[in-house]
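Subject: Structure handover and findings

Dear colleague,

Please find below the structure that I am handing over to you. My findings follow after it.

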Amino acid sequence: MSRSAHPAGPRYADVLPEGHYSAPPADLNALDPKVWARTVGRDEHGVLTVGGIDVKQLAEEFGTPAYILDEADFRARARAWRTAFGSDADVFYAGKAFLSRAVVRWLHEEGLNLDVCSGGELATALSAGMPADRIAFHGNNKSPAEIERAVRAGVGRIVLDSFQEIVRVAHIAQSLGKRQRVQIRITVGVEAHTHEFIATAHEDQKFGIPLAGGQAAEAVRRALQLDGLEVIGIHSHIGSQIFDMSGFEVAAHRVVGLLREIRDEHGIELPEIDLGGGLGIAYTSDDDPREPHEIAKALTEIVTRECEAARLSTPRISVEPGRAIVGPTAFTLYEVGTVKPLEGLRTYVSVDGGMSDNIRTALYDAEYSVALASRSSDAEPMLCRVVGKHCESGDIVVRDAFLPGDLAPGDLIAVPATGAYCRSMASNYNHVPRPPVVVVDGGGARVIVRRETEEDLLRLDVG
Ligand code: LLP
């Protein structure tokens, strides 16, 4: 198969590794609703629009690169999770995916709870008015100061991650004259089908207390003896960007097994279990994520079945989706700087951001889609690699993508599904200021996190 339209004319079947795109999509201007925020489309001139606003206008007003977030989509997804789980379960949005005060307010209004994992996330949540009892505090190494702040604020639960933390939280709560509601995070020994760096339930890693060898049971035994703690349940998070429900099934089976052991040993039934987050989203058309109602149904059925078999009353379930709520709601808008065809290989398209606004491709080999946004084009597809402006060759935003062969400097391109773990993992590498988050809703656009400036960077440099 040859691709004559491309100036460098590569045989793309030869250069693409297995599993990546092997042929250009039929229509390069088409926008697959799986990967784009719900209000994204093209206007009559072919310009990408979101919430009725065209991206050329957004670029002019807010500059590039910029994360453009569809508020209606965020709220709809948050609501879908809330509705799917109903009143017998709790949905905690995982703030690590992306957090800002506006997001906290939306979550509050839509009836979701919030999972935070650092003092900074906690401060953001509290400053935006999330009631403390709807906050869960996570982390494998919470500092004593963070713990004290969380206990004083009255967070709804602290998820205990180690034997030392059990004692530490109990001590701090007791010294404040409080009894802190806690869950104990266990590792159930599941190998989740995802990238090694984001799998969290196998035993050889830093999170949680292993179920193996009776360690989790021992953790519960110790926690139950401490006056400063009210043990409300068990927590398990198996990993992230997971499509296959079988890992959750095994996790639920093992968590319920522990609840049964606890009942048999201590005569108490812990009232809650948390199955974490980790549900995958579509980054490309090849991904097929499940809808929240399917996930809710599957998880509820698994837990109910396991509890019936163990003759336990069904505990209240909670889940912690982050990516599945915010991921699809945003895209990153970049301006093309240079277009460099490499004979026999591919065309390198450099944009005005890169690994500082999206580290996921470099870190996890993540796959993304991309589209020409400032216009449509009927030019033949060319095989591209979208790269950033940083000083390393691993600075890749989209490894393999087809863009129109007439792509030129000054064009705007958009990378969808960048709502999760992009702004929240952004850096200042090469002293590149971090992009803003611009929210579009009901025909208007506004900044919720402003662009960093060179003054911001210099303000920290006090030497
Ligand atoms: N709950 C706990 C305890 C977690 O550790 C996480 C994610 C979540 C919930 C939310 O997971 P989600 O539903 O968003 O998959 N930076 C990586 C992802 C790291 C996830 C860390 N924990 C990435 O960009 O793929």
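The notes below go from the whole chain to single elements and residues.

This is a predicted model, in which local features need pLDDT of at least 70, side-chain atom pairs count only at pLDDT 80 or more, and totals for chains, interfaces and linings use all residues. Residues are numbered from 1 along each chain as its sequence is written, and side-chain values use heavy atoms, with hydrogens and water left out.

**Overall form**

The protein contains 13 helices and 21 strands; helices (H or I, at least four residues) and strands (E, at least two) are DSSP runs, numbered from the N terminus. Its radius of gyration is 24 Å, which agrees with the value near 23 Å that a compact globule of 463 residues would have. That radius is taken over C-alpha atoms, and the globule rule is 2.2 Å times the number of residues to the power 0.38. Along the principal axes, the C-alpha atoms fill a box of roughly 75 × 50 × 40 Å.

Of the 463 residues, 55% are buried. Here buried means under 20% relative accessible area, exposed over 50%, and partly exposed in between (1.4 Å probe, protein chains only). The protein exposes about 19000 Å², and carbon and sulfur atoms supply 48% of that area; accessible areas come from the Shrake-Rupley method with a 1.4 Å probe, and for residues only the protein chains shown count as cover. Among contacts (heavy atoms within 4.5 Å) between residues at least 6 apart in sequence, 70% join residues at least 24 apart.

There are 48 positive and 66 negative side chains, and the centres of the two sets lie 4 Å apart. Lys and Arg count as positive and Asp and Glu as negative, while His and the chain ends are not counted. The place of a charge is NZ of Lys, CZ of Arg, CG of Asp or CD of Glu.

Helix 9 covers residues 246–266, 21 residues in total, and its first and last C-alpha atoms are 30 Å apart, close to the 30 Å expected at 1.5 Å a residue. The expected span is 1.5 Å times one less than the number of residues. Its buried residues are G247, F248, A251, A252, V255, V256, G257, L258, L259 and I262. An α-helix has 3.6 residues a turn, so residues three or four places apart point the same way. The cover over the buried residues of helix 9 includes strand 9 (180–187), helix 8 (215–224), strand 11 (229–235), strand 12 (272–274) and helix 10 (292–309). After helix 9 comes G267, with a positive phi near 75°.

In helix 4 (residues 101–110), the buried residues are A102, V103, V104, W106, L107 and E110. G111 follows helix 4 and has a positive phi, near 80°.

**Backbone geometry**

Most residues other than glycine have a negative phi, and most peptide bonds are trans. T64 and P65 are joined by a cis peptide bond with omega about -10°; P65 lies in the loop between helix 2 (55–62) and strand 4 (66–70).

Q241, in the loop between strand 11 and helix 9, has a positive phi near 55°. With a relative accessible area of 13%, Q241 is buried. N430 has a positive phi near 60° and lies in the loop between strand 19 (412–416) and strand 20 (437–441). N430 counts as partly exposed, at 35% relative accessibility.

**Individual residues and their surroundings**

The contact lists here leave out residues up to four places away in sequence.

- A66 belongs to strand 4 and is buried, with a relative accessible area of 1%. A66 touches F331, T332, L333, P435, P436 and R451.
- A426 is in the loop between strand 19 and strand 20 and is buried, at 13% relative accessible area. A426 is in contact with Y67, S356, D357 and R434.
- K389 sits in the loop between strand 17 (381–387) and strand 18 (396–404), where K389 touches V351, D352, G353 and D395. The C-alpha of K389 is 9.0 Å from that of G337, 52 residues apart along the chain.
- T83 lies in helix 3 (residues 71–85) and counts as exposed, at 59% relative accessibility.

Yours sincerely
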